[in-house]
Amino acid sequence: MYKSVKKVAITTTLLLTGMKLFNVYTEQTLTPVTPSGNDKIFLWKDMKINYTEKGTPDHPALLLLHNLDPASSKEEWHRIDDTLSEHFHIYELDLPGCGKSDKPNIIYINYMYVQIISDFIKNIIGKKTNICAAAYSGCYTIMTARFYPELINKIIVISPPAIDTLVKPATKKTKLFEKAIQLPIAGTFLYNCIMSKENILDHYTCAYFYNEHNISEQTIDISYFNAHYNQSNGKYLLASIHNNYTNINIIHALPKINHDIYFIANSNKKHVCTEYKKYDSSIHTIYVSNCRMLPHMEIPETVTEKILHIFSL
C-alpha cells in the first residue's frame, strides 16, 4: 500500500513539474509582435484597459470592438483602421481578458462589458459615438444602446452570433471545465495546450476565415501573443465563455432600441440575420461573400467600403 501511494505521489509530482516547466517556457518565449508606443490606459474599477486612438478629434467618433475571445484584441482591426481614421476619430480597445488589458481571476459576465463600453464612451470619448463591433461584442453594444441610448449613434455588427447561442445556460460539463482550467498549474497547462499556435490556426481555418491562404503568419502570431500575454491569464475569460457567463439575451432589448442597426454578415448566414429581424424588423443587413466570421480581417477592402457606405446614408 505504501509503495503504491509513493508511486502515485512521485508520478503526480513529475507530471506537475513537467506542466509547470511547459508553462514557464510558454511565458518566457512569448515575444510582442505589435508596437505599443501609441497604447493608452483606461482605468476601470482598478482594471487597466488598453486602448488606442487614430484620426482627427474633430471627426465623428467611431469605437471598434473586437470579438470576445482570449486570442482576440484591438489588432483585429489593423487592416481597416487606417482608412477609417481618415473619416472618423477611431478608438480601439482591448476588452478585459483580451490583448494587453488586465486579465484578472474573475468571472467575466456579460453586463460587465456593457458597463465598460458605456463608461469608456462617457469618460474617454466624451461624446455620442458610433460603434462597429464584431460577433459577440455586437450583443454588448446592442445592450449598451438599450440602457444608455444617449451615448450611441449608429451601430454596425459584423457577423452577429445566432440568437439561440446567446441564451445557452451553464451545464455540469461547462462547470467542470471551469474548475479544471482555473487550477494554478494543471489548468494553465490545459489552457496553453488549447491555445497552441496549431489550435489557433485550426480555429481560424474552420471558423474565422473562408480561405486558409488568407491567414498570414503574423495573424496567428498576434493571436498567440494575445492568448498568452500576462501569464496566460486569458484562461479565466475562456472559462467564463465556456460556462456561458458571457452570453447575453438581447431578445427583449431589440424591439426597444431606436438606433440605426446595420449587420454585415456572410451571405451564408442569412437565416441568422432573419432571426434578429423577428424582434427588430428595422435592422439593415448587408451581405458579403468569400468570408466567415472575421470579414474585416479577410476582405478588409470590401468591409471598409460597406462601413463608409453605411455612414454616408
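Reader: Ala, Val, Leu, Ile, Met, Phe, Trp, Tyr, Cys and Pro count as nonpolar, Asp, Glu, Lys and Arg as charged, and the others, Gly among them, as polar. So how do the residues lining the largest cavity divide?

Author: Five are nonpolar, six polar and two charged. Some ground rules next. This is a predicted model, where local features need pLDDT of at least 70 and side-chain atom pairs count only at pLDDT 80 or more, while totals for chains, interfaces and linings use all residues. Residues are numbered from 1 along each chain as its sequence is written, and side-chain values use heavy atoms, with hydrogens and water left out.

Reader: OK. What's a cavity, and what's a pocket?

Author: Both are found on a 1 Å grid over the protein atoms alone. In a cavity, a 1.4 Å probe fits at the points but cannot get out. A pocket is an open set of points, with protein on both sides within 12 Å along at least five of seven lines. Lining residues have an atom within 4 Å of a point.

Reader: How many cavities of 30 Å³ or more are there?

Author: Two. The largest holds about 90 Å³ of space. Volume here is the space filled by probe spheres set on the grid points, which are joined across faces, edges and corners. Of its 13 lining residues, Glu-76, Tyr-204, Ile-222, Ser-223 and Met-297 are closest to the centre.

Reader: Which helix gives the largest share of that lining?

Author: H8, with four residues. Helices are DSSP runs of H or I, at least four residues, and strands are runs of E, at least two, numbered from the N terminus.

Reader: And what lines the second largest cavity?

Author: Its volume is about 50 Å³. Among its lining residues are Thr-34, Lys-74, Asp-94, Ile-222 and Phe-225. By class, the lining has two nonpolar, four polar and four charged residues.

Reader: Which residues is His-228 in contact with?

Author: Leaving aside neighbours within four places in sequence, they are Thr-26, Leu-30, Tyr-191, Asn-192 and Met-195. Contact means heavy atoms within 4.5 Å.

Reader: New topic. At what angle do H5 and H6 pack?

Author: About 110 degrees, with their axes 7 Å apart. That makes H5 roughly perpendicular to H6. Axes are lines fitted to C-alpha atoms, for helices over the stretch in contact, and angles run from 0 to 180 degrees between N-to-C directions. Under 35 degrees is roughly parallel, over 145 roughly antiparallel, 65 to 115 roughly perpendicular, and the rest oblique.

Reader: Which residues meet there?

Author: Phe-177, Ala-180 and Ile-181 in H5 meet Gly-187, Thr-188, Leu-190, Tyr-191 and Ile-194 in H6. Six are nonpolar, two polar and none charged.

Reader: Now pockets. How much space lies in the largest pocket?

Author: About 1,000 Å³. Its lining has 35 residues, with Tyr-136, His-203, Ala-207, Tyr-208 and Met-293 nearest the centre. H7 gives the most, six residues. The lining divides into 18 nonpolar, eleven polar and six charged.

Reader: What about the second largest pocket: how do its lining residues divide?

Author: One is nonpolar, five are polar and eight are charged. The volume is about 280 Å³. S2 gives the largest share of the lining, three residues.
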